[in-house]
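Hi,

Here is the structure I promised to pass on. Have a look at it first, and then read my notes below.

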Amino acid sequence: MAFDITIGQFHNTDSIMHRLDPRTKVTLLFVMIVAVFLTDTFLGLAVIAALLLTALLLSAVPPKTALKALAPLSFFLLFPLFLNLFFVSDGDTLLSWGPILITDVGLYQAGFMTLRLLLLFFTATLLTLCTSPIALCDATAAMLRPFRRLGVPAYEISMMISIALRFIPTLLDDFDHIVKAQKTRGAVFDRGGPIRRVKAIVPCLVPLFAQSFRHAEELAMAMESRCYHGGENRTHYHILRFAPRDGVASALSLAVLIVMLFWL
Amino acid sequence: MAIVQFDTVSYGYRSQVAAQSQSSALPQQDTPPLDTSPLPHPALDGISLTIERGEFVAVIGANGSGKSTLAKHINALLVPQGGRVLTMGIDTSDEQMTFEIRSHAGMAFQNPDSQMVTSIVADDVAFGPENLAVPHAELVKRVDDALDAVKMTAFAQRNPAHLSGGQKQRICIAGVLAMQPDILILDEPGAMLDARGRRGIRRIVRELNKAGMTVILITHFMEEAVIANRVLVIDRGRIALSGSPTEVFSQKQRLRELALEVPFSLLLAEELRNRGVPVSEIARPEELKKELLADRGTVQDRRGTVLFSPFQGLNRTVPFCPEPSPCPQQPSTLVFDQVSYTYSSHEGKVDAVRNVSFSIEDGDFIGIIGHTGSGKSTLLQLMCGLMTPSSGRVLLNDKDLRDKVVRRNLLSEIGIAFQYPEYQLFAPTVADDIAFGPRNAGLSHEDVDQRVRSAMSLLRLDYERYARLSPFELSGGEMRRVALAGIIALRPRLLILDEPTAGLDPAGRRELLAIIEEYHQQKTTTVMVSHSMDDIARLATKVLVLKDGEAVYFDTPTAVFARARELRAMNLGIPTAASYADELRAGGLPLPEGLLTLEALADAIASLQQPPTPSEVRHGL
């Protein structure tokens with residue numbers, strides 16, 4: 001249960017953000033990324049932040065949950081912050097103490113960079129909080145569809161992602177069981193040099209492979225029994241349909257992009 | 001017209017064909033040993049049979065008898081090498097028609113975890129009809145109908161990973177039903193489920209058949225086979241027996257020869273006739289009960305209070321000390337002292353085990369029962385030191401399991417076999433795999449070898465024949481025994497077994513239980529989790545009942561199984577004999593409480609046939 005990536009960060013409730021077509025949401029993600037990189041003023045970032053906060057309010061995701069989802073990324077925020085803060089030597093010196101030198105340009109850049117990254121992470125997190133991995137997978141397939149003529153197996157890719165999402169927790173569970181079983185037979189994983197440690201993992205990896213082949217074989221048989229024959233000539237249970245709200249969201253994001261491009 | 005027709009169908013797996021041609025040309029030692037996966041006979045050997053529309057056929061047979069191969073021929077997963085299969089009148093060897101055939105003959109398999117393609121229930125059910133290019137409006141309706149038929153509508157948007165095995169298997173059946181097949185083929189659907197899960201599947205299959213679906217059910221469970229109209233017994237690729245459940249199951253001698261089980265109802269009828277009670281041979285339990293109640297009317301005293309049971313001595317009970325005062329003469333091996341275990345999941349804190357206290361004494365055979373999610377597996381992991389309690393203590397011979405020194409020496413103290421232990425096999429040879437534990441324990445080369453040999457002999461694995469084979473070329477039952485040998489080779493004084501017989505055929509189950517009993521008698525203590533109340537009633541000296549992480553009962557089997565109503569409320573069963581006794585008692589037979597075994601039940605029923613003795617009258621019987 002600890003490794004439930006099929007839910008991942010998905011916060012399962014019902015809201016306008018949840019009901020948006022996943023293709024719209026993926027598009028919005030890209031628009032926001034472009035917007036964040038286009039703007040070079042704090043005002044621009046503030047507008048984006050305001051939009052994102054509105055989206056968060058609309059999504060019915062508790063702010064605490066959103067913050068918790070962001071927490072693991074904090075290293076990627078702090079690292080550039082310190083890098084800019086301490087290693088930019090242009091501009092007027094604000095603080096000089098031993099080898100540490102902080103300049104106004106450094107401070108500005110550090111602040112701007114960190115905010116930019118924060119907004120990027122926040123956009124992506126918001127997407128995963130209100131879109132299930134399966135819906136993301138559907139969206140990927142749909143958006144790759146135009147490339148099918150170029151030989152991109154759009155449907156197969158989404159089938160693969162779906163099966164992977166379905167089986168990764170199962171395999172992690174299997175692995176957990178195997179590790180525990182070998183432990184009770186005296187296997188030790190945390191002692192000795194690197195070679196010994198790698199060797200120690202073999203009694204766990206071999207059964208895991210055996211197990212995944214077993215799953216694969218049975219899955220193939222079950223899929224064949226259910227008449228799977230690739231992506232051609234097939235209907236879909238989920239029909240992705242754009243609703244008026246998708247139009248509104250897209251128009252809004254386009255407007256933001258234009259504003260960013262020309263004024264901010 | 002027949003919906004399925006087999007005309008002298010033969011099929012051999014490629015390795016078998018090779019092995020066969022080899023065996024005629026080369027000396028004996030070059031052919032693979034018997035009993036390992038390349039069978040000495042073709043999987044199907046000239047089978048002819050006809051199944052009519054609306055029939056319910058159960059196919060039984062030992063592992064490797066060819067029953068699964070037979071099922072896979074019906075929906076063209078396999079195509080006969082000799083002879084011909086017609087499904088819905090279509091020759092299955094016609095490759096143009098493969099999908100047509102599969103849309104009429106849907107099949108679900110043993111392991112629900114391996115069959116599902118997505119992580120949302122409704123999407124998975126939709127997979128089949130999507131492949132059949134069913135238009136969207138109808139697709140939605142089919143998914144709804146299929147989920148309704150298996151009573152899983154409420155779970156449509158759930159992730160199957162969070163469902164129980166029985167629920168998952170129902171989803172898999174719904175996935176087949178959504179294709180609206182004429183024939184439903186189920187390949188051991190109950191093999192990985194608990195009793196409750198199997199009951200659910202049984203009910204659904206029965207309903208579907210009543211509604212007109214042709215059902216072909218491959219099973220190891222005789223209680224599933226008796227609900228069919230027709231039973232086919234497959235042995236070495238041939239039909240050994242065929243007929244109504246009563247016709248087939250009354251051939252008890254033949255069934256035993258075929259390594260199969262005789263259903264409880266027929267065993268009871270046999271025992272009763274041996275005791276001079278005239279009953280006919282009936283496979284369906286309800287009919288037998290009806291007959292037993294028929295000529296009795298309701299003459300008996302219905303107060304139901306039984307003051308004295310003459311049959312208590314027949315149950316395997318050992319003297320035990322009433323809780324909580326510990327036995328002074330017997331030191332406790334393993335003590336749970338107010339143990340709780342809490343973990344946090346995305347749904348908040350979960351109390352997997354709550355304030356559990358009990359003690360296991362040397363030589364005990366503890367049976368643990370509990371519904372899915374009752375905390376059984378957490379309890380076992382606490383018991384062997386894989387998890388440490390959030391509060392409370394687990395003591396082994398008065399030493400806390402949290403102590404590092406104690407944990408280091410656990411290897412020769414506690415052995416644990418998780419469910420499906422064969423999935424942990426890894427070494428190139430059987431002997432190497434079994435030696436893994438003893439080698440880790442730092443034993444000398446000679447000692448390791450000696451341990452391997454003795455463990456193999458206990459598990460009835462001939463050293464000369466198996467030691468050098470790869471564990472991956474063995475049959476499922478053999479792999480299970482190799483895995484257990486690997487645990488027993490450490491000679492644990494406390495052996496913990498989680499569902500050791502899950503997925504085995506009747507002969508395999510019997511054999512393994514006999515081995516477990518034999519090891520237990522070598523002065524060891526055994527803890528066994530099982531869904532089979534019959535096995536628990538027969539083997540355990542004490543039964544621990546878990547409910548929502550709490551230990552609700554810890555007592556002798558007789559005392560625990562006397563609480564049938566409470567156990568049923570926890571979705572647990574009681575031994576077959578006890579449930580027969582309950583129903584007969586409800587029908588008016590004044591049977592005493594505490595009848596846990598076939599013999600005890602037969603004795604009790606037989607004694608009712610005789611005029612009551614004065615002492616029984618005095619006791620209110």
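Contact here means heavy atoms within 4.5 Å. By that rule, 46 residues from chain A and 62 residues from chain B take part in the contact. Buried area is the accessible area (1.4 Å probe) that two parts lose on being put together, summed over both. Between chain A and chain B it is about 4,900 Å², with 59% given by carbon and sulfur atoms. Arg185(A), Arg226(A) and Tyr237(A) supply 22% of what chain A buries against chain B, more than any other three residues.

Before you go on, note that this is a predicted model: local features need pLDDT of at least 70 and side-chain atom pairs pLDDT 80 or more, while totals for chains, interfaces and linings use all residues. Residues are numbered from 1 along each chain as its sequence is written, chains are lettered from A and ligands numbered from 1 in the order written, and side-chain values use heavy atoms, leaving out hydrogens and water.

Now for chain A by itself. You'll find ten helices and two strands (DSSP runs, numbered from the N terminus: H or I of at least four residues for helices, E of at least two for strands). Along the sequence they run α-α-α-α-α-β-β-α-α-α-α-α. The radius of gyration (over C-alpha atoms) is 24 Å, well over the 18 Å that the globule rule (2.2 Å times the number of residues to the power 0.38) gives for 264 residues, so chain A is more spread out than a compact globule. Its C-alpha atoms fill a box of roughly 65 × 60 × 40 Å along the principal axes.

Cheers
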